[in-house]
Amino acid sequence: MWFNKDITEVTKELNSDIVNGLSTDEVKKRLEEHGYNKLKEKKKKSILRMFFEQVNDVMIYILFGAAIVSGILGELTDSIIIGIVILVNAVIGVVQENKAEKSLEALKKLSTPKALVKRDGTLKEISSEEVVPGDIIVIDAGRYIPCDMRIIESANLMIEESALTGESVPVEKNDKIISDNDKIPLGDQKNMAFSSTLATYGRGVGIAVGTGMDTEIGKIAKLLHEEVDTKTPLQKKLDHVGKLLGFLALGVCALIFVVGLLQGREVFDMFMISISLAVAAIPEGLVAVVTIVLAMGVQKMIKENAIIRKLPAVETLGSVSIICSDKTGTLTQNKMTVTKFYCDNKFGSLDELSKENPTNSLLLENIVLNNDATFDKDNSTGDPTEIALLEAGFRYNIFKDEIEKTHKRVDEIPFDSDRKLMTTVNEYNGEYYVMTKGALDNLLNLCNKILIDNTPIEFTDELKQEVLSKSYDMSDEALRVIASAYKIIPNKDINISDLEKDLTFIGMVGMIDPPREEVKDSIKTCKESGIRTVMITGDHKNTAFAIAQALGIASSIDETMDGVTLDSLSQEELNSKIDSLRVFARVSPEHKVKIVKALKSKGNIVSMTGDGVNDAPSLRMADIGVAMGITGTDVSKDASDMILTDDNFSTIVRAVEEGRNIYNNIKKTIAFLLSCNIGEIIALFLAIIMGWFAPLIPIHILWVNLVTDTLPALALGVDPGDKDVMKDKPRNPKESLFKGTGPFIFLNGFIIGILTLIAFMIGIKHTMGISGIFPLMPEDITEEALTVGRTMAFVVLSMSQLVHSFNLRNSKKSIFQVGLFTNKFLIISMLIGLALQLIVISVPPIAAIFKVKFLTGTLLITVIILSLVPLIVNEIIKIFKRRISK
């Protein structure tokens with residue numbers, strides 16, 4: 001660890017030369033040994049590998065088998081249709097995966113293009129990729145740090161590290177600070193500078209101690225190399241359903257094949273029937289429909305300022321139980337702001353300051369004149385603390401450009417990290433005001449008077465104690481305190497060493513990176529929805545807790561843990577404590593991943609929000625990573641599942657609500673498709689058991705599954721959301737996909753299957769002109785009667801499923817209570833389905849492919865009546881449900 005070694009020791013260990021730097025020959029050797037100063041990329045998957053991973057599924061295997069057997073048996077139409085289904089599903093999956101992983105590419109973009117180094121005794125500007133361990137590197141304001149380095153010289157050096165540590169205020173660096181503690185967080189390593197951070201003030205010299213993958217940024221890149229199980233709950237459940245249906249299909253096929261052979265049927269016929277059953281058992285359109293429903297949800301969420309990068313993230317949002325949020329820029333504004341002041345014996349909010357009060361006015365003039373930053377509504381430059389002071393003056397119409405013209409600066413003592421003070425001398429109507437500001441402790445020692453009622457009076461111990469008391473009040477609120485003092489001198493020809501003596505204390509201001517105004521209400525909504533908010537930040541413990549308390553995240557400091565304590569805990573120990581913690585302060589990227597793992601170990605669905613480089617691994621580890629679109633780095637965006645275009649925490653809450661509604665709609669879609677498929681299985685299974693001809697052939701089932709069912713399934717996917725969905729607690733991620741819908745699915749599947757068989761029987765007997773009830777054996781049936789019977793079965797199957805889609809709108813409310821026309825897409829899908837079905841049976845070339853014929857008269861009326869039965873039965877059941885629930 002370089003931060004706890006002195007400069008001599010570091011130089012010796014790296015075999016470097018502070019005066020002359022490395023030689024050209026030595027650089028070549030070190031480049032060969034350590035490689036270039038850039039991040040390694042993870043080996044990418046080929047398109048072919050991604051394609052094979054998409055087809056590596058039980059359902060796909062069974063469909064492959066069905067397609068091959070169909071082709072062997074001469075049913076080329078069936079083989080082609082099944083092949084198209086497999087290809088479409090695989091292509092959709094490949095396209096989605098191919099867009100996803102770009103995290104390391106974004107990390108590489110953060111590399112500094114140029115670095116100023118000492119080589120062969122001279123200063124050279126080189127590509128940052130050519131920096132090697134031991135290089136002597138010059139740092140100045142505005143330059144990115146090209147590698148991790150131990151600082152060996154510093155002069156008022158300030159480095160902005162928020163992208164790495166999460167701390168919003170630039171960190172003061174000092175080469176002389178050495179700590180014996182070997183577990184200091186990154187943000188407290190004052191003698192270190194880290195790759196991809198930015199020098200904002202001062203200058204310095206450092207010795208490179210880590211390049212490429214050996215930097216802190218490199219450690220993050222290594223974390224991103226780790227394979228993570230990125231499947232969402234819905235994906236896992238659909239995989240389970242797929243395997244279940246696949247094995248069910250194989251089992252039923254085997255059973256039916258054996259039964260058919262025992263009945264003395266032809267092997268060829270039994271093969272075709274088995275294929276029909278396999279096709280019926282597998283909802284071919286399920287994956288595609290769910291993908292399309294998620295995609296439509298994505299389009300809707302864009303209007304809510306949320307861009308979904310990975311489709312399954314939509315449904316994951318609906319089950320989120322914990323939101324881990326980075327503080328800086330996410331819960332807060334990522335902008336230092338003056339919020340409190342103490343001046344002229346008054347302590348309060350900055351809004352209570354009065355410019356009419358001369359002492360208050362002088363305080364504002366002090367912090368604006370004694371300032372090297374620039375600020376206006378559109379742009380600002382300089383240290384964030386200085387900018388915050390200018391903004392405070394701006395609020396009271398004290399503009400730096402204007403006031404400096406009136407009160408010209410004639411002398412100054414720049415800020416110094418040892419003094420922690422800055423002083424300017426400004427002209428005031430022939431007199432000269434010495435304006436000093438800085439750390440309160442240092443400034444109090446220089447003051448012998450205090451300005452009260454615009455009159456300098458003796459600064460007694462009692463008055464000093466009062467000032468300290470108010471500063472403690474500010475510190476308790478995690479405010480950063482800046483104090484101001486002045487004195488009047490008759491002329492500017494005063495010894496500069498005497499400027500900061502015998503000052504008069506004016507007052508002080510307290511500033512903080514304040515919470516976003518809308519966040520508190522959003523966190524309250526989360527609580528009411530059973531969602532816990534956890535703050536994870538690189539800031540100090542007291543600052544983090546103050547913000548968390550103000551937002552309603554935490555109520556006790558005991559709910560806060562810092563990075564040092566985290567380091568002392570094993571993963572198992574943290575897992576046991578995690579439920580009682582709400583705030584994590586002074587954390588590193590590794591800590592964030594550890595925290596997310598602990599939360600997930602309790603069965604939570606975890607969302608992680610963030611905007612910095614340091615957030616990328618935890619964004620990827622979480623069930624859903626949410627990046628900020630405005631302030632977010634490329635790394636955080638590319639590691640995320642969702643990006644907030646307005647950087648607004650409350651957008652997450654709206655996204656969760658939308659996610660819950662989309663998940664409910666997906667459940668409706670799945671319940672609809674599966675009940676339809678079960679109807680097909682029952683129709684085929686019972687027909688074979690009873691020794692009949694199969695009422696449906698493979699192409700009928702494929703048509704219904706891929707065309708007739710798909711449109712209403714998609715329409716259910718955009719069903720209007722439930723307004724009260726946020727009153728429910730997050731669903732248990734282990735909850736069955738069929739909770740509350742299992743009996744409904746099987747009942748309606750049974751009804752559709754029986755109706756299909758009834759239609760089959762009626763069609764055959766009507767054509768043959770016979771009456772009576774079953775049995776009706778194959779040898780008794782003519783070819784024409786079989787065609788009419790299958791046409792009847794085919795039409796009733798498709799039409800009853802179209803009608804059944806209306807039952808899914810609500811499990812208790814009647815379709816007339818919900819509103820028959822409130823989902824216009826469902827009405828349109830039904831009309832299109834009916835029109836397509838009519839075309840199939842009425843256009844001769846198409847009817848020949850499907851082996852059906854046009855229905856007229858009594859048969860057409862019979863089909864319509866049978867198709868309405870599912871709606872009637874479900875409406876009756878809902879009446880009883882409503883009565884029971886009262």
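Student: Which residues form a nonpolar patch on the surface, and how much accessible area do they have together?

Tutor: A patch joins nonpolar side chains (Val, Leu, Ile, Met, Phe, Trp, Tyr) within 5 Å, or like charges within 9 Å, from residues with over 30% relative accessible area and no salt bridge, and areas come from the Shrake-Rupley method with a 1.4 Å probe, only the protein chains shown counting as cover. Here Leu860, Ile864, Leu868, Ile872, Ile876, Ile879, Phe880 and Ile884 make one, with about 740 Å² together. This is a predicted model, where local features need pLDDT of at least 70, side-chain atom pairs count only at pLDDT 80 or more, and totals for chains, interfaces and linings use all residues. Residues are numbered from 1 along each chain as its sequence is written, and side-chain values use heavy atoms, leaving out hydrogens and water.

Student: Where is Ile879 found?

Tutor: An α-helix has 3.6 residues a turn, so residues three or four places apart point the same way. Ile879 belongs to helix α34 (residues 857–885), helices being DSSP runs of H or I with at least four residues, and strands runs of E with at least two, numbered from the N terminus. Its relative accessibility of 36% makes Ile879 partly exposed, a class between buried (under 20%) and exposed (over 50%), by a 1.4 Å probe and protein chains only.

Student: How many salt bridges are there?

Tutor: A salt bridge needs a side-chain nitrogen of Lys or Arg within 4 Å of a carboxyl oxygen of Asp or Glu, and the count is 26. In one of them, Asp135 meets Arg119 at 2.7 Å, N to O, and both residues are buried.
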